[in-house]
Amino acid sequence: MPSIETVAEPLVSLRDLHLSFGANPVLKGIDLDVHRGQAVSIIGPSGSGKSTILRCITGLLQPQRGSIRVGATEVHTLAKEAQRIELRKRVGFVFQQYNLFPHLSVLENLVIAPRKVLGRSRAEAEKEARALLAKVRMEHKADAYPGQLSGGQQQRVAIARALAMRPELILFDEVTSALDPETVGEVLTVIRELTEEGMTCVLVTHEMRFAEEISDIVYFTENGVIVEHGSAAQIFQHPSSERTQEFLRHALGDPGRRPANANDPYLLTNLSRYSLSV
Ligand SMILES: Nc1ncnc2c1ncn2[C@@H]1O[C@H](COP(=O)(O)OP(=O)(O)OP(=O)(O)O)[C@@H](O)[C@H]1O
Ligand SMILES: [Mg+2]
C-alpha cells in the first residue's frame, strides 16, 4: 500500500530557495509546499519576499540555490525560455495590475491565448470564455473594452482570463490592493468560490481576514525567511512566533476587538452586500 506521503505529494514544492538581487539577499532558504486543491496564503511585511516567491514558482526568476518543483517540472533546471513558457501555460498568475489587452474586447481577451497558445478552435475557446465570464459574473460585459470597466470588473476578467488556460494552479499577488474598497468584495467572492471548487491557489495578500477564512495553510514571511507556517487557525489564533504575533496585531488591530465591525467589507459574511456590481 502506498504511504500517505506518496499519495499526497505536493503539487508545488520549494526547498531551500535562495535568491539575491545583486548583493541583496531576498530569499534566504524558503521551504514551501502546496498540495492539490489547497488554498495557501503567504502573508508578511512589505519587502519580505512574497512576490519573489511567486515569481520563482512561475520561472520568472531563477534562484541561485535550492529547488522548485511544479508537478513533474523541476523549474529551477529550466534553461530555455520555451520551457518556461510551457510552465506558464499550466500556472495562472494574476497581479495587482490587471494587464488586460486594452484594444481587445473582454471576450477576445479570454479567447486569444487558448487559441494562439493552446490551439483551440474559435468556437471552443469562445464557448469556454463565455462560461468563465458567467462564472465571474461578467458575461454581460463580453463585448465591452477593459477601459469601460471598473477596477473590480477588470480584475474579475483577468481571473477569468487566467482560468481560460485551464491552469493546474493560480497564483494571486495582491489582486485587490489597487481596487476601490467597494469593489474589493466582488473579487474576493470570485477567489473564494474558486478555492471552494478545489482550484489550487497561492495567494499573497494583505487582507488578513480573507486569508484567515479561505486558507488551508498560511505562511508568514519576514526578511526572506518563513518565520512559521500552519493552518489558518494556528497562524491567526495561536501564532507561535513573537514576530507573527506582532505583525498580526498591527495588521488585524487589537485581537481583543475582534470579531470585526459588522460593516467590514473584508469580512466574508458581509461580501454579498458589496458584491458583483454590474
Ligand atoms: N527586480 C528586482 N531587482 C532588485 N531588487 C528587487 C527586485 N524585485 C524585488 N526586489 C527586492 O526584493 C525584496 C523583496 O521584494 P518582494 O517584491 O518579493 O516583496 P513583497 O513581500 O512582495 O513586498 P510587498 O508586500 O511590498 O509587495 C525587496 O527588498 C525588493 O526591493
Ligand atoms: Mg509583493
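How are α6 and α7 oriented to each other? In this predicted model, local features require pLDDT of at least 70 and side-chain atom pairs count only at pLDDT 80 or more, whereas totals for chains, interfaces and linings use all residues. Residues are numbered from 1 along each chain as its sequence is written, and chains are lettered from A and ligands numbered from 1 in the order in which they are written.

The axes of helix α6 (residues 151-163) and helix α7 (residues 181-196) cross at roughly 15° and come within 8 Å. Helices here are DSSP runs (H or I, at least four residues) numbered from the N terminus; axes are lines fitted to C-alpha atoms over the stretch in contact, with angles from 0 to 180 degrees between N-to-C directions. The two helices α6 and α7 are therefore roughly parallel to each other (angles under 35 degrees). Their crossing is right-handed, the near helix being turned clockwise from the far one by less than a right angle. Gly151, Gly152, Gln155, Arg156 and Ile159 of α6 meet Thr183, Glu186, Val187 and Val190 of α7 (C-beta atoms, placed from the backbone, within 7 Å). These contact residues comprise three nonpolar, four polar and two charged (nonpolar: Ala, Val, Leu, Ile, Met, Phe, Trp, Tyr, Cys and Pro; charged: Asp, Glu, Lys and Arg; polar: the others, Gly among them).

For helix α4 (residues 106-116) and helix α5 (residues 122-135), the axes come within 9 Å and cross at roughly 130°. The crossing of α4 and α5 is right-handed. Val106, Leu107, Leu110, Val111, Pro114 and Arg115 of α4 make the contact with Arg122, Ala125, Glu126, Glu128, Ala129, Leu132 and Leu133 of α5. Nine residues of this contact are nonpolar, none polar and four charged.

Conventions. Two residues are in contact if their C-beta atoms, placed from the backbone, lie within 7 Å. Angles under 35 degrees count as roughly parallel, over 145 as roughly antiparallel, 65 to 115 as roughly perpendicular and the rest as oblique.
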